[in-house]
2 protein chains.
Amino acid sequence: MENRSLQPVADAEGGRGDDDLLPIRRLEISDNSKGFVELLAQLSPCPPLSDADFSARFADLAALGDDHVICVIEDPRSGRIIATGSVFIERKFLRGCAKVGHIEDVVVDTAVRCRHLGQRVVQYLVEHAKAAGCYKVILDCEPDRRAFYEKCGFTEKSIQMALYF
Amino acid sequence: MENRSLQPVADAEGGRGDDDLLPIRRLEISDNSKGFVELLAQLSPCPPLSDADFSARFADLAALGDDHVICVIEDPRSGRIIATGSVFIERKFLRGCAKVGHIEDVVVDTAVRCRHLGQRVVQYLVEHAKAAGCYKVILDCEPDRRAFYEKCGFTEKSIQMALYF
């Protein structure tokens, strides 16, 4: 597994020799059978979702159009989702009706970390927020992820407070 | 001004003798003429908005229904908005299609602080998130606001990272 995590993906069909060539795409309904929810479970508790529940939530989010994007990277060998992240665009009144991108739920399969897939996911989400006209993009993370997000161009700004019901 | 900030509001018409009785309501289109944007300017740069721009953004947010709420407190004496805050509901796939409330842009007019209006705004937004079925509500703030949000029931959870375009 250690070797696998350091080696580029060799895709016999497509001839890909580097993870940089693994395409990032938006989430699709069929990804419920490709381990998307299992991947999220590496971040937070995630019971399996029925196709009906998955489709309903998918439709909720699709209705938001480009204001909510979930991206994924699929391993072409296994057909499994190995990295994901989301960004939603918040519309404000301040700063002349500005927009802010909120990045959430970035996770890379533990089996394929150290391949910069996380950085590619974050870059994709940042670029989406920028293209959408946001003046900034923000996220919350544990302090031990600070260095990773600094590599992605972020700086520590403030603190996150939470209230659990 | 110092006295005013410590005295309860005396509303000659309604007989209100305490800020607790000042109603909190949702933002209305007519609030563009009641100093809503000027109030936000105490938080972040806010050029005045034309009625057309205000209405367009208002419509964007109204389309989200209960998934985006901006509340305000209006001073019945001056007819000005003196406190506001917003919450939007993010729908996720994790935790069985859970929802998370994100509180943003809480501001109380500097002239009327120390009257617990900020706590009432946050309480309103928290209750909305809870009623909407969120499992938690989160927000980002400067460290010097930690004590205020702890009074509102929040605890420090993580750090916020930002990337400005």
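Reader: Why is Asp109(B) called buried?

Author: The relative accessible area of Asp109(B) is 18%. Buried means under 20%, exposed over 50% and partly exposed in between (1.4 Å probe, protein chains only), so Asp109(B) counts as buried. The model is a predicted one, in which local features need pLDDT of at least 70 and side-chain atom pairs count only at pLDDT 80 or more, while totals for chains, interfaces and linings use all residues. Residues are numbered from 1 along each chain as its sequence is written, chains are lettered from A and ligands numbered from 1 in the order in which they are written, and side-chain values use heavy atoms, with hydrogens and water left out.

Reader: What does Asp109(B) touch, and where does Asp109(B) lie?

Author: Not counting residues up to four places away in sequence, Asp109(B) touches Leu39(B), Gln42(B) and Ile82(B); contact means heavy atoms within 4.5 Å. Asp109(B) lies in the loop between strand S4 (99-108) and helix H5 (117-131) of chain B. Helices (H or I, at least four residues) and strands (E, at least two) are DSSP runs, numbered from the N terminus.

Reader: Which class, buried or exposed, does Asp105(A) belong to?

Author: Asp105(A) is buried, because its relative accessible area is 18%. This residue is found in strand S4 (residues 99-108) of chain A. Leaving aside neighbours within four places in sequence, the contacts of Asp105(A) include Leu40(A), Leu43(A) and Thr84(A), and on the other chain Glu90(B), Lys92(B) and Leu94(B).

Reader: What makes the pair of Asp105(A) and Lys92(B) a polar contact?

Author: The two side chains approach to 2.9 Å. A polar contact is a pair of N or O atoms within 3.5 Å; within protein, one must be able to donate a hydrogen and the other to accept it, and residues adjacent in sequence count only if both atoms are side-chain atoms. The value of 2.9 Å is within that limit, so the pair is counted.

Reader: Why is the pair of Lys92(A) and Asp105(B) called a salt bridge?

Author: The distance from N to O between these side chains is 2.9 Å. A salt bridge is a side-chain nitrogen of Lys or Arg within 4 Å of a carboxyl oxygen of Asp or Glu, and the pair therefore qualifies. Across the interface of chain A and chain B, the rule finds six salt bridges.

Reader: How do you know that chain A and chain B form an interface, and what supplies it?

Author: In all, 62 residues of chain A are in contact with 62 residues of chain B. Together the chains bury about 5800 Å², 63% of it on carbon and sulfur atoms; buried area is the accessible area (1.4 Å probe) that two parts lose on being put together, summed over both. Phe93(A), Met161(A) and Phe165(A) supply 17% of the area that chain A buries against chain B, more than any other three residues. There are also 29 residue pairs in polar contact between the chains, both members at pLDDT 80 or more. Strand S6 (residues 155-164) gives the largest share of the side of chain A that touches chain B, 10 residues.

Reader: What makes Arg95(A) stand apart in its backbone, and how exposed is Arg95(A)?

Author: Arg95(A) is not a glycine, yet its phi is positive, about 55°. The residue sits in helix H4 (residues 94-97) of chain A. Its relative accessible area is 35%, so Arg95(A) is partly exposed. In chain B, Arg95(B) likewise has a positive phi near 55°.
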